[in-house]
Amino acid sequence: FKQISLFLLVSFVAYMTKGFLDFGIIRQLEPHSIYRECHDIVPNQGKKVPTINWRGCEDTEIDRESGLIFIACTDHQGDANHHKFRWESSILMYNTSSETVEVLDIEFFAPAYKAEFHPHGISVVRETDGLYLYSVNHAPETSGDSVYVFKFNPKKRQLFQTGKFRHELMSSMNDLVAVGKGQFYATNDMWQSHGSPLGLAESFLRLPVTYAISCNLFNQTCTKAAKWIRSGNGIAYQKSTNRILISGCLDLQIHVYKRQEDNSLDYEYSIPLGSAPDNIHVDERDVIWTAVHPKIFDFLAAFGDDSMKTLAPSQVLAIALAGTERFNKEGNPIHEGAVVISHDSERYLVEQTLMDRGDVIVSASTALPLSETKTILSSVFQPKYVVCSTE
């Protein structure tokens with residue numbers, strides 16, 4: 001019995017030690033960037049908005065056809081449990097052509113829906129009758145987590161709510177991706193409640209207990225599509241290869257799944273990143289972009305600092321998968337000046353385009369590619385929105 005107890009103790013200590021090392025507790029960072037300059041987007045350029053507070057504007061999506069960028073803003077600085085929101089949440093729109101920003105008018109079904117609107121992850125998709133925006137919504141004191149669906153009116157610059165969907169599998173939602181015809185996939189970042197003893201144990205022990213769901217808005221159904229993920233976070237759809245990509249934040253990996261005709265997902269492989277991935281985007285050349293957190297404890301320290309004086313590093317990775325135009329089997333960088341992080345000649349190539357100690361932006365959560373030369377960065381909590389350019 002003593003030998004078994006000792007073995008279990010040593011195994012537990014080894015597991016926890018590896019976790020601390022994986023979270024970058026002693027990691028030494030070397031700043032690196034392929035960008036010639038990075039600048040903040042001036043928030044008061046929009047005609048309708050004298051000032052905009054960027055705080056909590058962590059997720060961003062682009063409609064490639066119009067060039068419009070939609071930004072979800074919910075400030076819950078210092079409260080990871082999504083219980084305290086210090087001002088009304090909003091959806092912003094950034095016009096890349098005119099470089100203007102505005103707060104979109106939203107027409108809700110009812111005042112109660114407006115009061116409980118606190119968006120997190122968002123996704124935009126074009127249907128036959130127009131552009132739709134799907135949003136993860138947190139309303140812990142009323143209806144819990146749900147998905148709000150809006151149709152965008154480009155003439156009125158307005159979002160009109162067309163649906164609200166709640167399902168028991170939406171336990172602690174983080175992000176979602178709409179793929180058309182009312183179908184979407186979504187991640188849960190926790191199995192137990194945020195802040196609960198079991199929830200803390202789940203995160204601390206890095207238990208692979210979260211899952212992603214496949215849902216249909218029209219028939220109001222959801223099923224588990226991917227399991228055994230350590231804190232599911234960002235999710236994206238690579239249309240050319242029909243793959244769904246999911247961030248395993250505490251896995252330090254992106255998991256790759258093949259989408260099937262019945263909308264189920266078949267696991268293919270995982271891509272090691274060495275840092276905790278947040279949101280994911282796919283550019284027009286099928287390159288996958290993700291903002292990652294190289295030092296988790298620095299991120300947590302900055303999250304809890306309401307004064308915003310604590311710096312936490314930001315890292316941006318670009319990934320090419322086999323079967324896409326930019327994949328390089330030999331392992332050469334996709335972008336000039338980038339550093340190759342990991343490479344599998346039959347599956348993927350991962351490169352670093354930015355490693356920043358927090359001077360450019362604190363804990364970037366999104367790296368949205370605007371073009372071959374420009375990338376937009378947003379933060380989980382820092383009131384900042386940055387454009388970086390290689391030109």
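Let's start with a sheet. Four strands make an open sheet, ordered β16-β17-β18-β19, with antiparallel pairing. Two strands count as paired if DSSP finds at least two bridges between them. Helices (H or I, at least four residues) and strands (E, at least two) are DSSP runs, numbered from the N terminus. At the edges stand β16 (232–238) and β19 (265–272), each with a single partner strand, so one side of each has no neighbour in the sheet. From one strand to the next, the twist averages 25°. For such angles, axes are lines fitted to C-alpha atoms, for helices over the stretch in contact, and the angles run from 0 to 180 degrees between N-to-C directions.

A word on the model. It is predicted: local features need pLDDT of at least 70, side-chain atom pairs count only at pLDDT 80 or more, and totals for chains, interfaces and linings use all residues. Residues are numbered from 1 along each chain as its sequence is written, and side-chain values use heavy atoms, leaving out hydrogens and water.

Back to β16. It joins β17 (residues 243–248) through 5 bridges, and the two run antiparallel. Glutamine 238 stands opposite arginine 243 in β17.

Now the other open sheet on my list. Its 4 strands run in the order β12-β13-β14-β15, again with antiparallel pairing. Its edge strands are β12 (173–180) and β15 (221–229), and each pairs on one side only. Here the twist averages 20° from one strand to the next. Strand β14 (residues 210–216) pairs with β15 in the antiparallel sense over 6 bridges. Threonine 210 stands opposite isoleucine 229 in β15.

Next, rings. How many aromatic pairs does a search of the whole structure find? It finds 13. Take one: phenylalanine 108 and phenylalanine 150 are edge-to-face, 6.0 Å centre to centre, with 85° between the planes. Rings of Phe, Tyr and Trp (its six-membered ring) pair if their centres lie within 6.5 Å; planes under 30 degrees apart are stacked, over 60 edge-to-face, the rest tilted. This pair links distant parts of the chain, 42 residues apart: phenylalanine 108 is in the loop between β7 (105–107) and α2 (111–115), phenylalanine 150 in strand β10 (residues 144–153). Both are buried. Buried means under 20% relative accessible area, exposed over 50%, partly exposed in between (1.4 Å probe, protein chains only). Ring pairs also link Phe108, Phe109, Tyr113, Phe117, Tyr148 and Phe150 into a cluster.

Last stop: helix α4 (residues 296–303). Which of its residues are buried? Ile296, Phe299, Ala302 and Phe303 are. Down the axis of α4, the buried residues fall within an arc of 125°, so they line one face of the helix. That arc is taken from the directions from the helix axis to the C-beta atoms. These buried residues pack against β20 (276–282) and β21 (288–293); contact means heavy atoms within 4.5 Å.

Why is β20 called largely enclosed by the rest of the structure? Because 7 of its 7 residues are buried. β20 and β21 run antiparallel, joined by 5 bridges. Isoleucine 280 stands opposite threonine 290 in β21. Their hairpin has 5 residues between the strands, and there aspartate 286 takes a positive phi near 70°.
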